Amino acid sequence: ITLKTLGPDHPDTAATYKNMGVLCYKMEDYTQSLKHLELALAIMLKSFDPEHPRISDIKSRIAAVMKKM
């Protein structure tokens, strides 16, 4: 729904991907988690400075996933 209404480059779309990544992580599906978190990061980098807290949050989540893989 978010993708259709806001488009692929909106920060809220990225937040949805991040949330899906977190859910997949909790379900121990690390491949899908990484996929969603990387999409979220790519979108967020279009809207925010690389030092923004949202970017840092996603990067730390990606690192946590990669440690599990």
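This is a predicted model: local features need pLDDT of at least 70, side-chain atom pairs count only at pLDDT 80 or more; totals for chains, interfaces and linings use all residues.
Residues are numbered from 1 along each chain as its sequence is written, and side-chain values use heavy atoms, with hydrogens and water left out.

Let us start with helix H3, which covers residues 30-47. Helices here are DSSP runs (H or I, at least four residues; strands are E, at least two), numbered from the N terminus. H3 has 18 residues and spans 26 Å from its first C-alpha to its last, close to the 26 Å expected at 1.5 Å a residue; the expected span is 1.5 Å times one less than the number of residues. Several of its residues are buried, including Tyr30, Ser33, Leu37 and Met44. Buried means under 20% relative accessible area, exposed means over 50%, and partly exposed lies in between (1.4 Å probe, protein chains only). The buried residues of H3 pack against helix H2 (11-26) and helix H4 (53-68).

How do H3 and H4 lie against each other? Two packed helices are described by the angle between their axes and the distance between the axes. Axes are lines fitted to C-alpha atoms, for helices over the stretch in contact, and the angles run from 0 to 180 degrees between N-to-C directions. H3 and H4 pack at about 160°, with their axes 10 Å apart, and they are therefore roughly antiparallel to each other. Residues making this contact include Leu34, Leu41 and Leu45 of H3 and Ile55, Ile62 and Met66 of H4; contact means heavy atoms within 4.5 Å. H3 passes H4 in a left-handed crossing, a term for the near helix being turned anticlockwise from the far one by less than a right angle (right-handed if clockwise).

H2 has 16 residues and reaches 23 Å from first C-alpha to last, close to the 22 Å expected at 1.5 Å a residue. Among its buried residues are Pro11, Ala14, Tyr17 and Val22, and what covers the buried residues of H2 includes helix H1 (2-6), H3 and H4. The axes of H2 and H3 come within 7 Å and cross at roughly 160°, so these two helices are roughly antiparallel to each other. Their crossing is left-handed. Among the residues that meet there are Ala14, Tyr17 and Gly21 in H2 and His36, Ala40 and Ile43 in H3.

Two residues let us look at the packing from inside. Threonine 13 sits in helix H2 and is buried, with a relative accessible area of 2%. Leaving aside neighbours within four places in sequence, threonine 13 is in contact with Thr2, Leu3, Leu6, Gly7, Pro8 and Ile43. The C-alpha atoms of threonine 13 and threonine 2 are separated by 5.7 Å, although the two residues are 11 apart along the chain. Serine 33, in helix H3, counts as buried at 0% relative accessibility.

Finally, visit the loop between H2 and H3, where glutamate 28 has its place. Most residues other than glycine have a negative phi. Phi of glutamate 28, however, is positive, near 65°. Glutamate 28 counts as exposed, at 59% relative accessibility.

What about aromatic rings? Rings of Phe, Tyr and Trp (its six-membered ring) pair if their centres lie within 6.5 Å; planes under 30 degrees apart count as stacked, over 60 as edge-to-face and the rest as tilted. By this rule the count comes to one aromatic pair. The rings of tyrosine 25 and tyrosine 30 have centres 5.5 Å apart and planes at 65°, so the pair is edge-to-face. Tyrosine 25 is partly exposed, at 28% relative accessibility, whereas tyrosine 30 is buried, at 18%.

Methods
Angles under 35 degrees count as roughly parallel, over 145 as roughly antiparallel, 65 to 115 as roughly perpendicular and the rest as oblique.
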